[in-house]
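Subject: Structure handover

Hello,

I am passing on the structure you will be working with, followed by notes on what was found in it. Please look it over before reading on.

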Amino acid sequence: MNWIILIIAGLFEVAFASCLGKVKETTGTPMYLWFTGFLITMTISMVLLIKASQTLPIGTAYAVWTGIGAVGTALMGIFFFKDPVSFWRVFFIVTLIGSVVGLKAVSH
């Protein structure tokens with residue numbers, strides 16, 4: 001169950017990073033709404049990470065959480081924020097995914 005909580009926490013990390021990207025792109029009231037979304041999703045992500053790390057090793061939990069966030073944010077950047085796509089960028093995203101899966105596989 002804590003692995004599911006950790007995955008959800010990682011998805012909320014993607015959400016808060018995406019909100020931060022929208023804060024950068026907007027002004028006025030929409031900027032403040034995106035910033036509020038950033039604060040809410042960041043809080044949820046951190047609370048879920050704390051919950052998951054109560055039974056999972058902290059090093060593994062944090063690395064998986066960060067990996068999910070990094071991969072998800074990179075993909076959001078590519079698909080929604082028009083970040084550049086190159087062979088090496090995709091290669092390193094795939095290696096991050098492999099690392100997260102590997103950490104899950106060797107954790108008890």
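Glu25 and Lys22 are three residues apart in helix α1, and so are separated by about one helical turn. The two form a salt bridge, their closest N and O atoms lying 3.5 Å apart. A salt bridge here is a side-chain nitrogen of Lys or Arg within 4 Å of a carboxyl oxygen of Asp or Glu. Side chains of opposite charge can pair when their charged atoms come close. Glu25 has a relative accessible area of 46% and is partly exposed; Lys22, at 26%, is also partly exposed. On this scale, buried means under 20% relative accessible area, exposed over 50%, and partly exposed in between, with a 1.4 Å probe and protein chains only.

Some notes on the source. This is a predicted model, in which local features need pLDDT of at least 70 and side-chain atom pairs count only at pLDDT 80 or more, while totals for chains, interfaces and linings use all residues. Residues are numbered from 1 along each chain as its sequence is written, and side-chain values use heavy atoms, with hydrogens and water left out.

The other salt bridge

How many salt bridges does a search of the whole structure find? It finds two. Besides the pair in α1 described above, Asp83 forms a salt bridge with Arg89, and the closest N and O atoms are 3.5 Å apart. Asp83 is partly exposed at a relative accessible area of 30%, and Arg89 is partly exposed with a value of 30%.

Overall layout

The protein has four helices and zero strands, and its elements run α-α-α-α from the N terminus on. Helices (H or I, at least four residues) and strands (E, at least two) are DSSP runs, numbered from the N terminus. The C-alpha trace spans about 50 × 35 × 15 Å along its principal axes. Of the 108 residues, 33% count as buried. Among contacts with a separation of 6 or more, 70% are accounted for by residues 24 or more positions apart. Contact means heavy atoms within 4.5 Å.

Helices α1 and α3

Helix α1 covers residues 2-25 and helix α3 residues 58-80; their axes come within 8 Å and cross at roughly 40 degrees. The axes are lines fitted to C-alpha atoms, for helices over the stretch in contact, and the angles run from 0 to 180 degrees between N-to-C directions. The two helices are therefore oblique to each other. Angles under 35 degrees count as roughly parallel, over 145 as roughly antiparallel, 65 to 115 as roughly perpendicular and the rest as oblique. The crossing of α1 past α3 is right-handed. A crossing is right-handed if the near helix is turned clockwise from the far one by less than a right angle, and left-handed if anticlockwise.

On the α1 side the contact includes Trp3, Leu6, Glu13 and Ser18, and on the α3 side it includes Thr60, Val64, Trp65 and Met76. By class, this contact has 13 nonpolar, seven polar and one charged residues. Ala, Val, Leu, Ile, Met, Phe, Trp, Tyr, Cys and Pro count as nonpolar, Asp, Glu, Lys and Arg as charged, and the others, Gly among them, as polar.

Two residues of α1 can be looked at individually. Glu13 lies in helix α1 and counts as buried, at 12% relative accessibility. Leaving aside neighbours within four places in sequence, Glu13 is in contact with Ser45, Trp65, Thr66 and Gly69. Glu13 and Val64 are 51 residues apart in sequence, and their C-alpha atoms are 11 Å apart in space. Ser18, also in helix α1, is buried at 10% relative accessibility. Not counting residues up to four places away in sequence, Ser18 touches Met76 and Phe81.

Helices α3 and α4

How do α3 and helix α4 (residues 87-106) lie, and at what angle do their axes cross? The axes come within 9 Å and cross at roughly 155 degrees, and the helices are therefore roughly antiparallel to each other. α3 passes α4 in a left-handed crossing. Residues that meet here include Ala63, Gly67 and Leu75 in α3 and Arg89, Ile93 and Leu103 in α4. By class, this contact has 13 nonpolar, two polar and one charged residues.

Thr60 is in helix α3 and is buried, with a relative accessible area of 12%. Apart from residues up to four places away in sequence, Thr60 touches Trp3, Leu103 and Ser107.

Regards
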